[in-house]
Amino acid sequence: MDLKTHKDVVYSQVAKAIEKAARRPNDVTIVAVTKTVDIQTTAQLIDLGVTDFAENRVDKFLAKHQALKDRPVRWHFIGSLQRRKVKEIINDIDYFHALDSVKLAKEIDKRADHPIKCFLQVNISQEESKHGFLVSEIDQALNEIAALSKIELVGLMTMAPLKASNEEINRIFLTASQLRQTLAQANRKRMPFTELSMGMSNDYPIAIKNGATYVRIGTAFFK
């Protein structure tokens, strides 16, 4: 299949998952993860109507952002971000999906020239190999982040283990959804927690069922 066919299939399947979950069509934003493809392929997706793109490496983001700076794109950074790299990209991204430490939040606050829309990364599965806050660490982290005027916590981001069963994935995503609701109800300043970034090519239907508002899809666009 060509790129247009892949794109149409992805959008159709996401639409079916939204309908099955009895949610509204505009509830879910598809973020195309283009970390494995070149600038030309990314530009082709823009021409096909894709608006949201994600990268996980600073160098690749910078190259694509520069090359496509005049195109109608919302940029998402989804990878772990070293504090020394924050100043290179933070003012050029629209959403940061991997806020995984208070130290990183403080560096973003220091380098940003406007409030940055961030997702608090939470390690629901408690995998040692994954970054993010444990659920038990969140309240203390929010107390410290509350003092940072350039951090806007729009929501939570989480990932399920690659080899998890559908039952385990569902449990993790449901837990994240319930946690997001609890945090939103707290009505903290600059912490609306209205969004939920979870679900990738292999598990986005389960994520949508559990309230995901951003799904990060890469492989399904290009396989």
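Which residues line the largest cavity? The lining consists of Gln121, Val122, Asn123, Ile124, Lys130, His131, Met157, Thr158 and Met159.

## Basis

This is a predicted model, in which local features need pLDDT of at least 70 and side-chain atom pairs count only at pLDDT 80 or more, while totals for chains, interfaces and linings use all residues. Residues are numbered from 1 along each chain as its sequence is written, and side-chain values use heavy atoms, with hydrogens and water left out.

## Cavity

A cavity is a set of points on a 1 Å grid over the protein atoms alone where a 1.4 Å probe fits but cannot get out, and lining residues have an atom within 4 Å of a point. The count is 1 cavity of 30 Å³ or more. The largest cavity has a volume of about 30 Å³, taken as the space filled by probe spheres set on the points. Its lining divides into 4 nonpolar, 4 polar and 1 charged residues.

## Helix α1

Helix α1 (a DSSP run of H or I, at least four residues) covers residues 3–20. Alanine 22, with a positive phi near 60°, follows α1.

## Faces of α1

Leu3, His6, Lys7, Val10, Val14, Ala17 and Ile18 are the buried residues of α1 (under 20% relative accessible area, 1.4 Å probe, protein chains only). They cover an arc of only 105° around the axis, which puts them on the same side of α1; the arc is that of the directions from the helix axis to the C-beta atoms. Their cover includes β1 (29–33), α2 (39–47), α8 (204–209), β8 (214–217) and α9 (219–222), with contact meaning heavy atoms within 4.5 Å. The face turned away from the buried side carries Lys16, Glu19 and Lys20, which are exposed (over 50%).

Key
Helices (H or I, at least four residues) and strands (E, at least two) are DSSP runs, numbered from the N terminus. The expected span of a helix is 1.5 Å times one less than its number of residues. On a 1 Å grid over the protein atoms alone, a cavity is a set of points where a 1.4 Å probe fits but cannot get out, and a pocket is an open set with protein on both sides within 12 Å along at least five of seven lines; lining residues have an atom within 4 Å of a point. Ala, Val, Leu, Ile, Met, Phe, Trp, Tyr, Cys and Pro count as nonpolar, Asp, Glu, Lys and Arg as charged, and the others, Gly among them, as polar.
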